[in-house]
Amino acid sequence: MGTGMILRLVMVLTGVVLMGATLLSLARRKMTESFALTWGMIGAAFIFSGVLLRPVEWNRYLSGAGLTLMGTIGFCMIFGAYFMSVRVSELMRRNLELAMQVALVKQELEELKKQEDAMERSRKEETLS
(Lines give C-alpha, C1' and ligand atoms only; values in the text may rest on other atoms or scores of the structure.)
Protein backbone atom coordinates (compact mmCIF):
# COMPACT_ATOMS: atom_id res chain seq x y z
CA MET A 1 0.00 0.00 0.00
CA GLY A 2 1.50 3.33 -1.10
CA THR A 3 1.55 6.60 0.77
CA GLY A 4 -1.30 7.89 -1.38
CA MET A 5 -3.62 5.10 -0.25
CA ILE A 6 -2.53 5.55 3.35
CA LEU A 7 -3.32 9.27 3.05
CA ARG A 8 -6.78 8.49 1.66
CA LEU A 9 -7.47 6.02 4.45
CA VAL A 10 -6.29 8.47 7.12
CA MET A 11 -8.48 11.24 5.68
CA VAL A 12 -11.59 9.03 5.66
CA LEU A 13 -10.91 7.80 9.21
CA THR A 14 -10.28 11.36 10.39
CA GLY A 15 -13.61 12.45 8.93
CA VAL A 16 -15.46 9.58 10.58
CA VAL A 17 -13.81 10.24 13.95
CA LEU A 18 -14.56 13.97 13.69
CA MET A 19 -18.21 13.36 12.90
CA GLY A 20 -18.54 10.80 15.71
CA ALA A 21 -16.85 13.05 18.27
CA THR A 22 -19.01 15.96 17.14
CA LEU A 23 -22.22 13.98 17.56
CA LEU A 24 -21.14 12.80 21.01
CA SER A 25 -20.22 16.34 22.06
CA LEU A 26 -23.55 17.63 20.82
CA ALA A 27 -25.43 14.84 22.63
CA ARG A 28 -23.57 15.59 25.87
CA ARG A 29 -24.25 19.31 25.38
CA LYS A 30 -20.54 20.14 25.38
CA MET A 31 -20.73 21.82 21.99
CA THR A 32 -23.23 24.30 20.58
CA GLU A 33 -25.20 23.50 17.48
CA SER A 34 -23.35 25.97 15.27
CA PHE A 35 -19.94 24.53 16.18
CA ALA A 36 -21.30 20.99 15.77
CA LEU A 37 -22.61 21.83 12.30
CA THR A 38 -19.25 23.32 11.33
CA TRP A 39 -17.29 20.32 12.58
CA GLY A 40 -19.76 17.96 10.93
CA MET A 41 -19.17 19.69 7.60
CA ILE A 42 -15.40 19.54 8.13
CA GLY A 43 -15.69 15.82 8.86
CA ALA A 44 -17.80 15.29 5.74
CA ALA A 45 -15.24 17.25 3.70
CA PHE A 46 -12.49 14.95 5.01
CA ILE A 47 -14.51 11.87 4.08
CA PHE A 48 -15.34 13.15 0.59
CA SER A 49 -11.76 14.25 0.02
CA GLY A 50 -10.45 10.86 1.06
CA VAL A 51 -12.89 9.06 -1.20
CA LEU A 52 -12.64 11.35 -4.22
CA LEU A 53 -8.92 12.13 -4.23
CA ARG A 54 -6.79 9.93 -6.42
CA PRO A 55 -3.22 10.54 -5.23
CA VAL A 56 -1.51 8.51 -7.96
CA GLU A 57 1.59 10.66 -8.26
CA TRP A 58 1.88 11.59 -4.60
CA ASN A 59 4.33 8.76 -3.94
CA ARG A 60 6.97 10.88 -5.66
CA TYR A 61 6.43 13.85 -3.36
CA LEU A 62 5.56 12.23 -0.03
CA SER A 63 7.74 9.76 1.78
CA GLY A 64 6.62 7.73 4.77
CA ALA A 65 8.40 10.10 7.16
CA GLY A 66 6.90 13.16 5.43
CA LEU A 67 3.43 11.64 5.62
CA THR A 68 3.93 10.89 9.32
CA LEU A 69 5.12 14.43 9.97
CA MET A 70 2.21 15.97 8.06
CA GLY A 71 -0.22 13.65 9.82
CA THR A 72 1.13 14.56 13.24
CA ILE A 73 0.97 18.28 12.52
CA GLY A 74 -2.52 17.95 11.05
CA PHE A 75 -3.73 15.93 14.03
CA CYS A 76 -2.37 18.51 16.47
CA MET A 77 -4.02 21.37 14.58
CA ILE A 78 -7.39 19.61 14.31
CA PHE A 79 -7.30 18.48 17.95
CA GLY A 80 -6.39 21.99 19.12
CA ALA A 81 -9.14 23.62 17.09
CA TYR A 82 -11.69 21.04 18.21
CA PHE A 83 -10.68 21.45 21.86
CA MET A 84 -11.01 25.23 21.58
CA SER A 85 -14.43 24.84 19.96
CA VAL A 86 -15.62 22.72 22.88
CA ARG A 87 -14.24 25.23 25.40
CA VAL A 88 -15.81 28.20 23.62
CA SER A 89 -19.12 26.32 23.47
CA GLU A 90 -18.98 25.64 27.20
CA LEU A 91 -18.24 29.29 27.90
CA MET A 92 -21.12 30.38 25.65
CA ARG A 93 -23.50 28.10 27.56
CA ARG A 94 -22.24 29.41 30.92
CA ASN A 95 -22.61 32.97 29.71
CA LEU A 96 -26.20 32.29 28.69
CA GLU A 97 -26.96 30.72 32.08
CA LEU A 98 -25.42 33.70 33.89
CA ALA A 99 -27.45 36.10 31.78
CA MET A 100 -30.62 34.22 32.73
CA GLN A 101 -29.68 34.31 36.41
CA VAL A 102 -28.95 38.06 36.25
CA ALA A 103 -32.34 38.62 34.61
CA LEU A 104 -34.05 36.69 37.39
CA VAL A 105 -32.17 38.61 40.09
CA LYS A 106 -33.13 41.91 38.44
CA GLN A 107 -36.77 40.83 38.33
CA GLU A 108 -36.70 39.90 42.01
CA LEU A 109 -35.03 43.21 42.86
CA GLU A 110 -37.75 45.14 41.03
CA GLU A 111 -40.43 43.21 42.89
CA LEU A 112 -38.73 43.93 46.22
CA LYS A 113 -38.52 47.64 45.36
CA LYS A 114 -42.22 47.68 44.50
CA GLN A 115 -43.03 46.01 47.80
CA GLU A 116 -40.81 48.46 49.67
CA ASP A 117 -42.47 51.43 47.96
CA ALA A 118 -45.90 50.03 48.80
CA MET A 119 -44.89 49.59 52.44
CA GLU A 120 -43.54 53.16 52.63
CA ARG A 121 -46.74 54.53 51.14
CA SER A 122 -48.81 52.62 53.67
CA ARG A 123 -46.59 53.93 56.52
CA LYS A 124 -47.00 57.50 55.28
CA GLU A 125 -50.75 57.07 55.08
CA GLU A 126 -50.80 55.70 58.63
CA THR A 127 -48.77 58.62 59.97
CA LEU A 128 -51.00 61.14 58.17
CA SER A 129 -54.18 59.67 59.53
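The model is predicted. Its largest pocket has a volume of about 500 Å³.

**Largest pocket**
- The lining of the largest pocket counts 18 residues.
- Nearest the pocket centre lie Val10, Thr14, Gly74, Phe75 and Ile78.
- Two elements, α1 and α4 (64-128), each give two or more residues to this lining.
- The largest share comes from α1, with 9 residues.
- By class, the lining has 15 nonpolar and 3 polar residues, and no charged ones.

**Helix α2**
- At 1.5 Å a residue, the 20 residues of α2 should span 28 Å. The end C-alpha atoms of α2 are 28 Å apart, which agrees.
- Buried residues in α2 are Ala36, Trp39, Gly40, Gly43, Ala44, Ile47 and Gly50.
- Seen down the axis of α2, these buried residues fall within an arc of 145 degrees, so they line one face of the helix.
- The cover over the buried residues of α2 includes α1 and α4.
- Leu37, Met41, Phe48 and Leu52 are exposed on the other side of α2.

**Thr32**
- The relative accessible area of Thr32 is 8%. Buried means under 20%, so Thr32 counts as buried.
- Leaving out residues up to four places away in sequence, Thr32 touches Leu26, Ser89, Met92 and Arg93.

How values were computed
Residues are numbered from 1 along each chain as its sequence is written. This is a predicted model: local features need pLDDT of at least 70, side-chain atom pairs count only at pLDDT 80 or more; totals for chains, interfaces and linings use all residues. Side-chain values use heavy atoms; hydrogens and water are left out. Buried means under 20% relative accessible area, exposed over 50%, partly exposed in between (1.4 Å probe, protein chains only). Contact means heavy atoms within 4.5 Å. On a 1 Å grid over the protein atoms alone, a cavity is a set of points where a 1.4 Å probe fits but cannot get out, and a pocket is an open set with protein on both sides within 12 Å along at least five of seven lines; lining residues have an atom within 4 Å of a point. Grid points are joined across faces, edges and corners, and a volume is the space filled by probe spheres set on the points. Helices (H or I, at least four residues) and strands (E, at least two) are DSSP runs, numbered from the N terminus. Ala, Val, Leu, Ile, Met, Phe, Trp, Tyr, Cys and Pro count as nonpolar, Asp, Glu, Lys and Arg as charged, and the others, Gly among them, as polar. The expected span of a helix is 1.5 Å times one less than its number of residues. The arc is that of the directions from the helix axis to the C-beta atoms.
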